[in-house]
Amino acid sequence: MQPTISIPQHWPYPRFNLEQRTQQGIILGLYYYPNGTELAEQFDEGWRYVLMPNKNSDEISYLQENQIQPLSPQELFTQITAEIDFYQQQISILNRQLTVLTQGANNG
């Protein structure tokens, strides 16, 4: 069963999705300052996003919707392809380690 998020009908839908890759990083979370609240009066009404610049970072940023730039299809393709290449190399290394391990077990 897929997890779902319910957004009240009187709120606008967010422009960006959880785990979406953007120029500023990967979206980890989002929250909304509804009109008429103290936070909205102080910081403006609307969606706020929690982003991590990359998966190896411990840095987090909090940005408004208008501060986030989506990746172009080509940029997204390049990022995903690079990540696939990285994991394929890791799988290859692990397969070699397994081969060495099983050959050693057969010889022992």
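Tutor: Gly29 stands opposite Val50 in β3. This is a predicted model, in which local features need pLDDT of at least 70 and side-chain atom pairs count only at pLDDT 80 or more, while totals for chains, interfaces and linings use all residues. Residues are numbered from 1 along each chain as its sequence is written, and side-chain values use heavy atoms, leaving out hydrogens and water.

Student: What makes β2 and β3 a pair?

Tutor: Two strands pair if DSSP finds at least two bridges between them, and strands are DSSP runs of E with at least two residues, numbered from the N terminus, as are helices (H or I, at least four). β2 and β3 (residues 46-52) have seven bridges in the antiparallel sense, so they meet that cut-off.

Student: How do you know that β1 and β2 pair?

Tutor: Two bridges join these antiparallel strands, and the definition asks for at least two, so β1 and β2 qualify. Thr22 has Gly25 in β2 as its bridge partner, and the hairpin of β1 and β2 has two residues between the strands.

Student: Why are β1 and β4 at the edges?

Tutor: The open sheet has four strands in the order β1-β2-β3-β4, with antiparallel pairing. β1 and β4 (61-64) each have a single partner strand, so one side of each lacks a neighbour in the sheet.

Student: How do you know which residues line the largest pocket?

Tutor: On a 1 Å grid over the protein atoms alone, a pocket is an open set of points where a 1.4 Å probe fits, with protein on both sides within 12 Å along at least five of seven lines; lining residues have an atom within 4 Å of a point. Among the lining residues are Arg21, Pro53, Asn54 and Glu83. α2 (73-107) gives the most, with three residues.
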